[in-house]
Amino acid sequence: MCNFAAITFFSPTCAVKLMIEKHIVLEDIDPLVFYGTGNQHLQMIRALYPKLRIVARDNVIRVLGDDEQMALFEESVERLRRHVLKFNALAEEDILDIVKGHRTRDDVPEGVVCYTMSGRPIKARSENQQRLIDAYGQSDMIFAVGPAGTGKTYLSIALAVKALKEKAAKRIILSRPAVEAGEKLGFLPGDMKDKIDPYLQPLYDALEDMLPQVKLQDMMEKHQIQIAPLAFMRGRTLSDAVVILDEAQNTTPQQLRMFLTRMGWNTKMIITGDTSQIDLPRSQRSGLVEALTILRGIEGISMVELTQKDIVRHKLVTRIVNAYDRHDKESTDKD
């Protein structure tokens with residue numbers, strides 16, 4: 001967004017060159033990343049545009065100069081903004097390349113979904129993770145099922161963040177069933193949000209890894225990112241969004257059916273879960289297990305199954321999962 005005012009100066013004999021003042025608003029990014037530590041990036045940009053007077057405060061840059069220099073500056077700032085939006089980082093060599101009109105070293109990264117706040121690329125680290133990314137591009141509803149540590153939730157949120165940044169979606173909606181809630185919920189301190197937040201913390205953790213804290217808070221206040229327990233979905237129609245239901249193995253058939261039928265226009269739904277970690281009472285069927293049977297083969301729905309080979313956490317996680325699987329199999333054989 002740019003606001004500008006034209007200012008003309010006159011000498012007694014002739015008109016001095018037309019000077020323009022513009023206010024450039026840095027939207028969707030953390031201005032601290034753009035300006036650099038101790039405003040180093042800003043000082044470098046000023047040095048590259050010595051004919052302009054550049055003053056920055058918060059996320060607004062005020063620029064005074066002639067029309068030709070102003071146009072070049074605006075183009076560079078927009079390219080720099082897009083770079084920060086994409087990579088969550090900005091280096092001095094990137095500034096030089098962008099201002100000089102060159103391609104930056106990371107302009108065409110292959111297979112990267114988005115970047116963390118530390119600049120680490122998020123991309124598929126296994127064949128099945130790549131299948132999840134491909135399924136997102138091909139289908140409007142995706143079931144991603146697999147054991148803990150396979151990256152199904154983290155990768156799903158990365159796909160949602162990318163869609164929001166690229167304006168392919170207007171909002172992200174994240175949900176989880178608060179299975180342990182029940183009567184225990186009333187004993188937790190605080191209001192309803194305080195009671196529910198512990199169940200949603202893994203979703204917050206992933207978002208904080210991919211978005212600046214200030215921007216994330218702003219998006220949540222504007223409801224561009226919504227995090228809510230499953231029970232709050234009833235009666236809603238979810239349109240223009242990427243909707244993720246995590247820990248779906250702990251939904252009942254009625255809950256999951258209700259959730260799936262909330263889908264509106266221009267919406268992608270990702271349902272993640274681990275059928276080996278069902279916390280429902282033994283007498284209660286899992287909605288995820290039932291849905292995987294009922295909806296298999298339906299056009300527009302993809303099902304991606306991740307395995308122990310896709311685990312990307314500490315190597316011990318794979319060993320733990322394998323050990324429990326053997327134990328479960330032995331217990332089943334005895335029964």
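1. Basis of the model. This is a predicted model, in which local features need pLDDT of at least 70 and side-chain atom pairs count only at pLDDT 80 or more, while totals for chains, interfaces and linings use all residues. Residues are numbered from 1 along each chain as its sequence is written, and side-chain values use heavy atoms, with hydrogens and water left out.

2. Overall make-up. The chain holds 11 helices and 12 strands, these being DSSP runs numbered from the N terminus (H or I of at least four residues for helices, E of at least two for strands). Of the 335 residues, 46% are buried, where buried means under 20% relative accessible area, exposed means over 50%, and partly exposed lies in between (1.4 Å probe, protein chains only). Where contacts link residues at least 6 apart in sequence, 66% of them join residues at least 24 apart, a contact being heavy atoms within 4.5 Å.

3. Helices H2 and H4. The axes of H2 (residues 40-48) and H4 (residues 92-99) come within 10 Å and cross at roughly 30°; axes here are lines fitted to C-alpha atoms, for helices over the stretch in contact, and angles run from 0 to 180 degrees between N-to-C directions. The two helices, H2 and H4, are therefore roughly parallel to each other, given that angles under 35 degrees count as roughly parallel, over 145 as roughly antiparallel, 65 to 115 as roughly perpendicular and the rest as oblique. Their crossing is right-handed, a term used if the near helix is turned clockwise from the far one by less than a right angle, with anticlockwise giving left-handed. On the H2 side the contact involves Gln 40, His 41, Met 44, Ile 45 and Leu 48, which meet Glu 92, Ile 95, Leu 96 and Val 99 in H4. The residues of this contact divide into six nonpolar, two polar and one charged, where Ala, Val, Leu, Ile, Met, Phe, Trp, Tyr, Cys and Pro count as nonpolar, Asp, Glu, Lys and Arg as charged, and the others, Gly among them, as polar.

4. Helices H5 and H6. H5 (residues 127-138) packs with H6 (residues 152-165) at an angle of about 35°, and their axes are 11 Å apart. H5 passes H6 in a right-handed crossing. From H5, Gln 129, Leu 132, Ile 133 and Tyr 136 meet Lys 152, Leu 155, Ser 156, Leu 159 and Ala 163 of H6. The residues of this contact comprise six nonpolar, two polar and one charged.

5. Salt bridges. The count comes to 15 salt bridges, each defined as a side-chain nitrogen of Lys or Arg within 4 Å of a carboxyl oxygen of Asp or Glu. One of them joins the side chains of Arg 62 and Glu 21 (3.5 Å, N to O); Arg 62 lies in strand E4 (residues 60-66) and Glu 21 in strand E2 (residues 19-25), so the pair ties together parts that are 41 residues apart in sequence. Arg 62 is partly exposed, with a relative accessible area of 41%.

6. Further charged pairs. Which residue forms a salt bridge with Glu 290? The partner is Arg 285, with the closest N and O atoms 2.4 Å apart, a value that I would ask you to check. Glu 290 is partly exposed at 24% relative accessible area, whereas Arg 285 counts as exposed at 52%. Another salt bridge pairs Glu 305 with Arg 296, their closest N and O atoms being 3.5 Å apart. Salt bridges that share partners also join Asp 28, Glu 78, Arg 81, Arg 82, Lys 167, Lys 215, Asp 218 and Lys 222 into one network.

7. Thr 252. This residue lies in the loop between strand E10 (241-245) and H9. Is Thr 252 buried or exposed? Thr 252 is buried, its relative accessible area being 15%. Leaving aside neighbours within four places in sequence, Thr 252 is in contact with Gln 284, Arg 285 and Gly 287.

8. Trp 265 sits in the loop between helix H9 (253-260) and strand E11 (267-273) and counts as exposed at 77% relative accessibility. Not counting residues up to four places away in sequence, Trp 265 touches Ser 239 and Asp 240. Leu 32, in helix H1 (residues 31-35), is exposed with a relative accessible area of 63%. The C-alpha atoms of Leu 32 and Pro 212 are separated by 9.8 Å, although the two residues are 180 residues apart along the chain.
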